[in-house]
Amino acid sequence: MPSHAHASELKQAQLKESRNALENEVFYQAPQDGNAPTYPGALIRQERATDYTLPPGVQAYRILYHSLDATRHDVVSSAVVLVPAGPVPAGGWPVVAWAHGTSGVARQCAPSLMKNLYYGNEGLFDFPAHGLAVVATDYHGLGTSGAHQYMNKLAQGYDVIYSVAAARSAVPALGSRWVADGHSQGGMASWSVGEMEHDIADPGYLGTVSVSGTINMPDFVHPLPGEGGESFYTPMVAYGLQARCPQFDPRFMLNDAGMTHYDGAVRQGCWYVASALYDGQSIDSITRKGWLDNKFVQSMFHEDAVGHQPLKGPLLVITGGGDVTVPPEGVRATARTACHNHIPLSFAELPGLDHDPTMIQSTAMQIAWIKDRFSGRPAPENCDSLK
């Protein structure tokens, strides 16, 4: 049985999530009309959203749109569009395609189903405050039906890219130029956008920001001693891997202790509940010996690898020197690999900052870099600092 302290922590987590939750099941249902267009980026429906806690003057719209999963099959995704206050600038609002960090893997964990949009006060609302429109995908399987392919760079990358086209159909005030920006899970997604855009070559795409990104999956799922790591992400990774590869069984990764709270973490709750359920347990204490060598896990590492493929546009990589969720050593190593592969980038490590503080404290840096892209200024590069 859980200890009194553990039960209290779980109750507080459940209360925190329930107080922030919105109900809007009808909007997220996939259309039944077989004659409607299903190409990636096709807008399904939209609505003005008035149930969020937003800064003064900011307008929000929910959108439902078609995207692709990791195997390029049609899926339905949802997103929120944030429009800054004030008159529309010539050419429309510049756009930040936002990729959020881990909110959970259950359907109710979509940021657009949260009053504060999950990242609202962790930097997200700073973008519209500085004249940047935001298109914030939920990733398919969050909000919409179907399993969320958690931590898959292809699935999340597609969701980000196609949210931009759908948002423009819904909100004509959005301009044609955009950048991708993401934190944590979204930091891998935004990097993936840059890789995909190398081939898609959207002329409006101007570059990518990756903050504390899970761009080194082996180091994220099993950090080296002294690097930190959070065990509650492990069942989510197992869930996402099964969503990507139905032949995979979470028990290939998780031992009996790991499976004890699996359903609660991946179906009944979101980030806070999962964290409370696995509080005090190490990654090794909930996983099977040899799980890193499982063929499905190895396939995930291969598919999620970044730093080897060329990108379209410049790249800003940010990490926190005190990050115990996504260790900076892995981020730095991936950035170094990218530089060795002649992928120009600018790298910044913020001393002592943990995972969420890195996002919050670097928002001004992100916005300055993004505005320079819209102004046409040359992007800085500092690969020499990583040698």
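Which pattern do the disulfides of the chain follow, with bonded cysteines counted along the chain? The pattern is 1-2, 3-4.

This is a predicted model, in which local features need pLDDT of at least 70 and side-chain atom pairs count only at pLDDT 80 or more, while totals for chains, interfaces and linings use all residues. Residues are numbered from 1 along each chain as its sequence is written, and side-chain values use heavy atoms, with hydrogens and water left out.

**View 1. The disulfide of Cys109 and Cys270.** A disulfide is a pair of cysteine sulfur atoms within 2.5 Å. By this rule the count comes to 2. Here the sulfur atoms of Cys109 and Cys270 are 2.1 Å apart. The link is left-handed, with -95 degrees about the S-S bond. Cys109 sits in the loop between strand S4 (93-99) and H2, and Cys270 in the loop between H9 and H10, so the pair ties together parts 161 residues apart in sequence. Helices (H or I, at least four residues) and strands (E, at least two) are DSSP runs, numbered from the N terminus.

**View 2. The disulfide of Cys339 and Cys383.** The sulfur atoms of Cys339 and Cys383 lie 2.0 Å apart. The S-S torsion is about -80 degrees, so this disulfide is left-handed. Cys339 belongs to helix H13 (residues 328-340), and Cys383 to the segment after helix H15 (363-375), so the pair ties together parts 44 residues apart in sequence. Cys339 is buried, as is Cys383.

**View 3. The largest pocket.** A pocket is an open set of points on a 1 Å grid over the protein atoms alone, where a 1.4 Å probe fits, with protein on both sides within 12 Å along at least five of seven lines; lining residues have an atom within 4 Å of a point. The largest pocket holds about 1,000 Å³ of space. Of its 47 lining residues, Glu17, Ser103, Met114, Cys270 and Trp271 are the closest to the centre. Elements giving two or more residues to the lining include helix H1 (4-20) and helix H10 (271-277). H1 gives the most, with 6 residues.

**View 4. The second largest pocket.** About 220 Å³ of space lies in this pocket. It is lined by 19 residues, and the closest to its centre are Gly229, Glu230, Ser231, Ser282 and Ile283.

Methods:
Points joined across faces, edges and corners; volume = space filled by probe spheres on them. Buried < 20%, exposed > 50% of the residue type's maximum accessible area, 1.4 Å probe, protein only.
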